[in-house]
Amino acid sequence: MNHAVSGFSKLGKEEKIRLIAQTYFTDAEKAETLVKSYWNSDEKLQQLHDEFIENTITNFYLPLGIAPNFLINEKFYTVPMAVEESSVVAAAAKAAKFWSTRGGFKTSVIGTEKIGQVHFMFNGSHAKIQEFFNLIKPALFSDTESITKNMQQRGGGILDIELRDKTDLLENYFQLHATFETKDSMGANFINSCLEQFASTLKSKAQQHSLFSEQEKDIKVVMSILSNYVPNCVVRAEVSCPVADLKEKNIDDGKVFAENFVQAVNIAKVEPFRAVTHNKGIMNGIDAVVVATGNDFRAVEAGVHAYAAKDGRYTSLSDARIENGIFYFSLDVPLALGTVGGLTTLHPLVRFCHEVLEKPSAPELMQITAAVGLAQNFAALRSLTTTGIQQGHMKMHLNNIINQFNAAPAEKEAITAHFKKNAVSHAAVVDFISELRKK
């Protein structure tokens with residue numbers, strides 16, 4: 001297609017599919033059939049999914065897996081994980097089982113504060129705008145009472161509002177920096193509604209302020225929006241045991257393993273190239289739980305990586321040490337999660353996942369998610385410092401390679417048997433299948 005499409009959003013779903021199929025595929029009928037094969041046979045359920053986003057043509061599946069045996073604060077959890085990458089669920093489950101016999105995960109919520117900002121331009125002195133802000137601050141609270149009433153009844157609401165002078169970074173730039181407690185909801189709509197009311201109050205009060213010049217009265221609100229950087233909405237997860245108790249199948253000497261493990265974490269602390277991959281492994285687990293529970297993994301990812309660079313250098317989110325013969329491994333991570341509102345009530349499988357987790361509160365879900373992130377990190381570092389990451393991963397990946405070639409059951413059996421004794425690589429599997437099919 002070499003021209004713009006006009007009125008695409010006004011087309012029906014069938015018409016959208018037909019347009020896409022006929023424009024981009026040599027076999028339009030085959031393309032349409034593929035897209036429709038992913039529709040749910042339950043029309044009402046399909047309509048629900050269609051209305052989650054705009055211009056929907058079909059469903060895009062992710063596998064939903066289960067990682068059992070997570071012992072967190074003396075309670076066992078079975079954790080649902082929605083993810084497409086091989087080895088993630090298996091690694092989480094293996095790490096969970098390992099730590100379930102060594103005291104389990106200890107978790108705690110350090111804070112649940114969320115942040116929103118009104119960004120505005122004021123052409124005047126700091127002293128003048130500060131005096132004005134002090135005068136109108138009570139009105140900022142009172143003008144939002146209709147918005148905050150229900151949240152306050154649940155124990156949440158606006159915690160504080162500050163005026164921040166950012167003119168050293170950008171000429172005339174100030175902000176209202178507000179903090180919120182949103183209890184079991186992620187709170188995006190609540191926070192943004194409050195911020196927009198703050199902006200309205202700010203502008204109207206400025207117009208009425210007798211000590212402002214006409215130029216100063218003309219406050220320009222640029223935008224009012226929550227922040228996904230939540231450095232005070234943090235959860236901690238940790239595990240510990242005597243170094244001797246670390247011994248298992250691939251760990252002959254617990255002390256040597258612990259020392260190598262700590263060094264691996266220390267490398268991620270000082271080397272950003274390693275830290276990014278190190279933290280990506282943590283997010284393999286966290287994102288999978290966030291997606292399964294209907295939360296915003298993109299917001300979580302952005303906030304987590306900003307937190308990893310909060311001290312001016314990107315570094316490891318986790319920490320490991322040995323003290324008096326005890327191995328300690330921990331993770332501090334910002335997680336603004338919700339268990340009510342949004343997809344948590346709309347998406348049937350999200351509701352299912354919350355049921356599997358026994359309907360956790362938002363702080364409880366934060367702790368479960370952090371524990372999975374720590375388990376994922378432990379599993380990755382255990383492999384890296386012992387057998388290497390590829391041995392287990394490529395065996396898990398073998399099935400994906402086999403499926404690419406539509407292997408028959410007998411072929412699958414032969415391929416699997418062969419690669420139990422031989423190293424797995426894409427090229428090796430392709431060669432073996434080629435030889436197998438020549439016979």
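What share of the 439 residues of the protein chain counts as buried? The figure is 43%. Keep in mind that this is a predicted model.

Overall picture next. The protein chain has 17 helices and 10 strands. Its C-alpha trace spans about 90 × 70 × 40 Å along the principal axes. The accessible surface is about 22,800 Å², and carbon and sulfur atoms hold 53% of that. Now contacts with a separation of 6 or more. Residues 24 or more positions apart supply 71% of them.

Four strands make it up, in the order E5-E6-E4-E7. The sheet is open, and the pairing is antiparallel. Which strands stand at the edges? Strand E5, residues 157-165, and strand E7, residues 220-227. Each has a single partner strand, so one side of each lacks a neighbour in the sheet. On average, neighbouring strands are turned by 15 degrees against each other, direction ignored.

Look at E4, residues 114-121. Strand E4 pairs with E7 over seven bridges, in the antiparallel sense. In that pairing, glycine 116 sits opposite leucine 226 of E7.

What packs on this sheet? Helix H7, residues 188-208. Helix H7 touches E4, E5, E6 and E7. Its direction makes about 160 degrees with that of E7.

Last stop, the surface. Leu34, Tyr38 and Tyr61 form a nonpolar patch there. Together they have about 330 Å² of accessible area. Take tyrosine 38. This residue lies in the loop between helix H2, 28-37, and helix H3, 43-50. Is tyrosine 38 buried, exposed or partly exposed? Its relative accessibility is 35%, so tyrosine 38 counts as partly exposed. The cut-offs here are under 20% for buried and over 50% for exposed.

Conventions: Residues are numbered from 1 along each chain as its sequence is written. This is a predicted model: local features need pLDDT of at least 70, side-chain atom pairs count only at pLDDT 80 or more; totals for chains, interfaces and linings use all residues. Side-chain values use heavy atoms; hydrogens and water are left out. Two strands pair if DSSP finds at least two bridges between them. Helices (H or I, at least four residues) and strands (E, at least two) are DSSP runs, numbered from the N terminus. Axes are lines fitted to C-alpha atoms, for helices over the stretch in contact, and angles run from 0 to 180 degrees between N-to-C directions. Contact means heavy atoms within 4.5 Å. Patches are made of residues with over 30% relative accessible area and no salt bridge: like charges are joined within 9 Å, nonpolar side chains (Val, Leu, Ile, Met, Phe, Trp, Tyr) within 5 Å. Accessible areas come from the Shrake-Rupley method with a 1.4 Å probe; for residues, only the protein chains shown count as cover. A salt bridge is a side-chain nitrogen of Lys or Arg within 4 Å of a carboxyl oxygen of Asp or Glu. Buried means under 20% relative accessible area, exposed over 50%, partly exposed in between (1.4 Å probe, protein chains only).
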